[in-house]
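Visitor: I would like to know what stands behind the terms used for this model. Please take them one at a time.

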Amino acid sequence: MANNFIDQKDRWLQIANGDFEYSILFIKCWLPFNAWYCNNYPQFKNQDSAILREVKTDDNLFRTRLISLLENDDEDSIFFRNQLIILHKQLERCKVPNIANSISFKSINFRTNPNPIFTKDYNKFNFKIELLVPIQPHNIKIRVDVLKNRRATIYTYQHTKYDFEHFINDASFLALSEKNKEILKDGFKQINPKIKESLIVEKKKDSMQNIVSVFFKNDTDLLSQAIIEIIYNLRCILFHGEIQPNKDNLKIYEPAYYMLKLLIKSLD
């Protein structure tokens, strides 16, 4: 497997020698944040992704400060939201780490899917797809049932993980009518536990704030979770050398740095 850091070694060495200061400043801000969350969530033993899942939903200083900056009208809050807009626009312009897997407020998995069950009635058929909490010894993660007239089972599917390709290649699934397959595929996608959501809305009535024609969803709880996830993703692609280290890409870290700097002030 290619090592992105090694492949781009010369550019990363330039950064180490002082180029693109905001990526370095971002790292300097991340380190005290990292120390804070490891100290506050010792039960996860330095598992960053698991800790940040807690940070996104727990009542803690960092998240409280983040929501405050999204909701208030003081100088820091206005500055923070302006940096948020700049970050969003820079992410859309640069598509990091790559086009196929870009970090974006328009498409991000930042929480567990809140809709773990899909049901639909169509033409005497009853469709149900649900994510389950796996229980030993079977560890079934997902179950699909299709009944006719709510009595006769015409199709059932179980699997130990959510796997769309495995599902649509199931022999019994392939034998269903095209319409039934279409309904099931749509329902299966809707309960994806890692479903991606957009925090950007088109209509002003649904938005929290308008700055230079960008509207964020009017839900500071969800937006705070998405911001934490995006900042963490930016940390990961930088620490792991996944981002192409050019001037435009690394400019993303300027607004990210300013946002993180304001947030870690709450941890003093």
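This is a predicted model: local features need pLDDT of at least 70, side-chain atom pairs count only at pLDDT 80 or more; totals for chains, interfaces and linings use all residues.

Visitor: Why is C94 called buried?

Guide: Its relative accessible area is 14%, and buried means under 20%, exposed over 50%, partly exposed in between (1.4 Å probe, protein chains only). C94 is therefore buried. C236, at 13%, is buried too.

Visitor: What makes R111 partly exposed?

Guide: R111 has 24% relative accessibility, so it counts as partly exposed.

Visitor: How many disulfides does the structure hold?

Guide: It holds 0 disulfides, a disulfide being a pair of cysteine sulfur atoms within 2.5 Å.

Visitor: What makes the link between the side chains of R111 and E197 a polar contact?

Guide: The distance is 2.8 Å. A polar contact is a pair of N or O atoms within 3.5 Å; within protein, one must be able to donate a hydrogen and the other to accept it, and residues adjacent in sequence count only if both atoms are side-chain atoms. The R111–E197 pair therefore qualifies.

Visitor: Which residues does R111 touch, not counting those up to four places away in sequence?

Guide: R111 touches P193, E197, L222 and Q225, where contact means heavy atoms within 4.5 Å. R111 and K196 are 85 residues apart in sequence and 8.8 Å apart in space, C-alpha to C-alpha.

Definitions and conventions:
Residues are numbered from 1 along each chain as its sequence is written. Side-chain values use heavy atoms; hydrogens and water are left out.
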